[in-house]
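I opened this structure today to look up a few local details. My notes follow, entry by entry.

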Amino acid sequence: MYDVQKIREDFPILQREVYGKPLVYLDNAATTQKPLCVLDAMREEYLNVNANVHRGVHYLSQQATDLHEAARETVRSFINARKIEEVVFTRGTTEAINLVAQTFCESQMKAGDEVLVTEMEHHSNIVPWQLQAQKMGIVLKHLPITDDGCLVSCHDMATYITERTKLISIAHVSNVLGTINPVKEIIKFVHERGIPVLVDAAQSAPHMKIDVQDLDCDFLAFSGHKMYGPTGIGVLYGKEEWLEKLPPYQGGGEMIDKVSWEKTTFERLPFKFEAGTPDYVATHGLATAINYIESVGLDSIEAHEQELTRYCMEQMQTIPNIRIFGPSFITHHPSPIKDAVVSFLVGDIHHLDMGTLLDRLGIAVRTGHHCAHPLMDRLGVTGTVRASFALYNTKEEIDALVSGIRRVSAMF
């Protein structure tokens, strides 16, 4: 049995009140709350094991290094990478994508070469490529989505791929629509054409099992703070053969082998991409969060969140004049096409008004463009209200959301 009430006990913030109302936290796609075990692990390290990692010969440094590198192994196992050398610590998904954008374009592309993304991407998978377009003259193209928020088929995708397409970068799950993209199928399709793929897993890593060897992706990025870990830490996975080809992202300490006035040689993987002192306490926090997720069980988490998504869609569809964006959720669909996110508008009520009034009822949702302006343009709106779910949310909280939406709607 999935004991959600027992899980909620691990997150003290869920017991607080907002404006005299019990907190209903439904903004998990932006960031998740942190269990006590993560906070305790980080506090313990700062209190008893705080020392800079790598190269230090004293006890604390070696102990901190062991924790830091153990975290790398925890991440490797979590995504089933072949080697720890394929796990690069970054500040989050955004930095991981910027790392690939800068180093891949610099070393593997020339003016006129193309990067292909999708119409549903977060700005972090658009702007880095635009910067490279301005700097190097590469071309950024995008795959369209259907009216129900899904990608075009691989057959249709072929019409967007040319001999100058050098990389495809795609979200695993849309942060606005909740669409689960068929990334394994896409990767197989484009690999047959010799094109590498970067997967933005920021919205999938907390919700479902990810096996990078099974997906066969060339790069994959995710953030700690969206999966019950600390802010400011994330991961770039890259196949060893690709990481070997790419130049360093930044220069400084940690990433060097030897420096002279004439030249610098660089460290082995993954340290070549990790300039400066890493956030070694946050990596320990991330590993603790991963261990927590695995103790609950990703299959159980996915089943729980799928049920919440189904329930939310069913209840929301009873609200007059509501417009729900993204795939229509098919109950007991054998292969889920939507997960953990429901974005909506009600009549002519502005998303900011709806979010502000829900907040007064203790219900935390996200409003606005969700860092996806091009997608908003495609949907023909300036923004939406977004409810997003995590392993600790309940049907009772969805009932509170639906009741709140009805109450706000009645005001207008």
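This is a predicted model: local features need pLDDT of at least 70, side-chain atom pairs count only at pLDDT 80 or more; totals for chains, interfaces and linings use all residues.

**Entry 1: Asn-393**

I looked up where Asn-393 sits. I found Asn-393 in the loop between strand 17 (384-388) and helix 14 (395-411). Is Asn-393 buried or exposed? Asn-393 counts as buried, because its relative accessibility is 1% and the cut-off for buried is under 20%.

Next I checked what the side chain of Asn-393 reaches. Which side chain does it meet in a polar contact? I found the side chain of Asn-28, at 3.0 Å. The side chain of Asn-393 also reaches a backbone atom, the nitrogen of Ala-390, at 2.8 Å.

Then I listed the contacts of Asn-393, leaving aside neighbours within four places in sequence. Among them are Val-4, Arg-8, Tyr-25 and Leu-26.

**Entry 2: cysteines**

How many disulfides are there? I noted zero. I wanted to see why, so I took up two cysteines, with the cut-off of 2.5 Å between sulfur atoms in mind.

For Cys-105, the closest cysteine sulfur is in Cys-217, 18 Å away, so the pair is too far for a bond. Cys-105 also counts as buried, at 0% relative accessibility.

For Cys-150, the closest cysteine sulfur belongs to Cys-154. That sulfur is 13 Å from the one in Cys-150, again too far for a bond.

**Entry 3: backbone**

I turned to the backbone with a general point in hand. Most peptide bonds are trans, and most residues other than glycine have a negative phi. I looked for places that depart from this.

The peptide bond from Leu-269 to Pro-270 is cis, with omega near 0 degrees. I placed Pro-270 in the loop between strand 12 (264-266) and helix 10 (280-296).

Arg-55 is not a glycine, yet its phi is positive, near 75 degrees. I found Arg-55 in the loop between helix 2 (36-48) and helix 3 (59-79). Arg-55 is exposed, with a relative accessible area of 67%.

Tyr-228 is not a glycine either, and I noted a positive phi of about 75 degrees. Tyr-228 lies in the loop between strand 9 (219-223) and strand 10 (234-238). Buried or exposed, I asked of Tyr-228? Tyr-228 counts as buried, at 0% relative accessibility.

Terms used: Residues are numbered from 1 along each chain as its sequence is written. Side-chain values use heavy atoms; hydrogens and water are left out. Helices (H or I, at least four residues) and strands (E, at least two) are DSSP runs, numbered from the N terminus. Buried means under 20% relative accessible area, exposed over 50%, partly exposed in between (1.4 Å probe, protein chains only). A polar contact is a pair of N or O atoms within 3.5 Å; within protein, one must be able to donate a hydrogen and the other to accept it, and residues adjacent in sequence count only if both atoms are side-chain atoms. Contact means heavy atoms within 4.5 Å.
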